[in-house]
Amino acid sequence: MKHPRTVMSAVIGLGIGLAAALGTAPAIASSPAPAAPPAPAPAAHAGYTAQAGTYEDAAANKAFFEAVVKSVAKKRSAHPGAEAVTIVYSAANAPSFRTQISNSAQIWNSSVSNVRLQEGSNADFTYYEGNDSRGSYASTDGHGNGYIFLDYAQNQQYDSTRVTAHETGHVLGLPDNYSAPCSKLMSGGGPGPSCTNPYPDAAERNQVNYQWQYGFAAALARNAS
């Protein structure tokens, strides 16, 4: 199964889902047709599975993370008194995956302390759904606009909430780690479809907290200068 990542129009391959109870296949047939995501420009790409990872480019993860940080910092600068660093997302264009997206946000919000995910308007990134031979991926144009695409077929083969939580991990700055065990969320499809763990491990949680403490502070400083 091939899933890519694009640098600066960065398609970051990722995916897998949550525990069996949360990872049921989306109701594809009855879902309204979602808006199509912007087409990513051709570039280096990475898949969700290890064999597709030959094309992985670490710059893709960095590009997506920095685009989201920049978007959040810009809004935070307009409201300097805000205490929490909040990433706003939109799930309006991925109605079949609304439960998985909500579960993913809850998982991350309960796992890290320096940033939280919240659904709302004026979003920092958007979820989309549909069919794509590349599978699920995250993408950014490098100008503060990012989205996560959730592929129907892949989310039936792999645990869907793990797919969503894994892809959201890229938004938070984590890279793929296909050779890692199932206990690591960012191992993606490496451990195979039987892996249903949707939770980041301690090292992944610490990395996200660190990046959103120091990386966000640096972005605020740049935005203020």
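Tyr-128 is buried, with a relative accessible area of 11%. In this predicted model, Tyr-128 forms an aromatic cluster together with Tyr-137, Tyr-147 and Phe-149. Tyr-147 is buried as well, because its relative accessible area is 5% and the limit for buried is under 20%.

The aromatic rings were then examined in pairs. A pair of aromatic rings is described by the distance of the centres and the angle of the planes. The count comes to 9 aromatic pairs. One of them joins Phe-97 and Tyr-152. This pair is stacked, with 6.1 Å from centre to centre and 15° between the planes. Phe-97 sits in the loop between strand S2 (86-93) and helix H2 (98-111). Tyr-152 belongs to helix H3 (residues 152-157), so the pair ties together parts that are 55 residues apart in sequence. Both Phe-97 and Tyr-152 are buried.

Tyr-128 and Tyr-147 make another aromatic pair, an edge-to-face one. Here the centres are 5.6 Å apart, and the angle between the planes is 85°. Tyr-128 lies in strand S4 (residues 125-130), and Tyr-147 lies in strand S6 (residues 146-151). The two residues are 19 apart, and their pair links distant parts of the chain.

The overall architecture gives these pairs a setting. The protein has 5 helices and 6 strands. From the N terminus on, the order of elements is β-α-β-α-β-β-β-β-α-α-α. The chain has 225 residues, of which 53% count as buried. Contacts between residues at least 6 apart in sequence were also examined. Of these contacts, 73% join residues at least 24 apart.

Helix packing was described next. Two packed helices are described by the angle between their axes and the distance between the axes. H2 and helix H4 (residues 160-171) pack at an angle of about 55°, and their axes are 9 Å apart. This angle makes H2 oblique to H4. The crossing of H2 past H4 is right-handed. On the H2 side, the contact is made by Gln-100, Ile-101, Asn-103, Ser-104, Ile-107 and Trp-108. On the H4 side, the partners are Ser-160, Thr-161, Thr-164, Ala-165, Thr-168 and Gly-169. The contact of H2 with H4 comprises 4 nonpolar residues, 8 polar residues and no charged ones.

Trp-108 lies in helix H2. Its relative accessibility is 1%, so Trp-108 counts as buried. Neighbours within four places in sequence are left aside here. Trp-108 is then in contact with Ala-165, Thr-168 and Gly-169, among others. The contacts of Trp-108 also include Leu-117, Leu-172, Leu-174, Leu-185, Pro-200 and Val-208. Arg-205 is 97 residues from Trp-108 in sequence. In space, the C-alpha atoms of Trp-108 and Arg-205 are 8.6 Å apart.

Ser-139 is placed in strand S5 (residues 137-140). With a relative accessible area of 2%, Ser-139 is buried. Ser-139 and Phe-125 are 14 residues apart in sequence, with their C-alpha atoms 9.6 Å apart in space.

Glu-66 lies in helix H1 (residues 58-78). Its relative accessible area is 40%, so Glu-66 is partly exposed. Along the chain, 74 residues separate Glu-66 from Thr-140. Their C-alpha atoms are separated by 9.5 Å.

Ala-218 is found in helix H5 (residues 202-224). Ala-218 counts as partly exposed, at 32% relative accessibility. Val-69 is 149 residues from Ala-218 along the chain. The separation of the C-alpha atoms of Ala-218 and Val-69 is 9.7 Å.

Asn-122 is in the loop between strand S3 (116-119) and S4. Asn-122 is exposed, because its relative accessible area is 57% and exposed means over 50%. The phi angle of Asn-122 is near 50°. This is a positive value in a residue other than glycine.

Conventions
Residues are numbered from 1 along each chain as its sequence is written. This is a predicted model: local features need pLDDT of at least 70, side-chain atom pairs count only at pLDDT 80 or more; totals for chains, interfaces and linings use all residues. Side-chain values use heavy atoms; hydrogens and water are left out. Rings of Phe, Tyr and Trp (its six-membered ring) pair if their centres lie within 6.5 Å; planes under 30 degrees apart count as stacked, over 60 as edge-to-face and the rest as tilted. Helices (H or I, at least four residues) and strands (E, at least two) are DSSP runs, numbered from the N terminus. Buried means under 20% relative accessible area, exposed over 50%, partly exposed in between (1.4 Å probe, protein chains only). Axes are lines fitted to C-alpha atoms, for helices over the stretch in contact, and angles run from 0 to 180 degrees between N-to-C directions. Angles under 35 degrees count as roughly parallel, over 145 as roughly antiparallel, 65 to 115 as roughly perpendicular and the rest as oblique. A crossing is left-handed if the near helix is turned anticlockwise from the far one by less than a right angle, and right-handed if clockwise. Contact means heavy atoms within 4.5 Å. Ala, Val, Leu, Ile, Met, Phe, Trp, Tyr, Cys and Pro count as nonpolar, Asp, Glu, Lys and Arg as charged, and the others, Gly among them, as polar.
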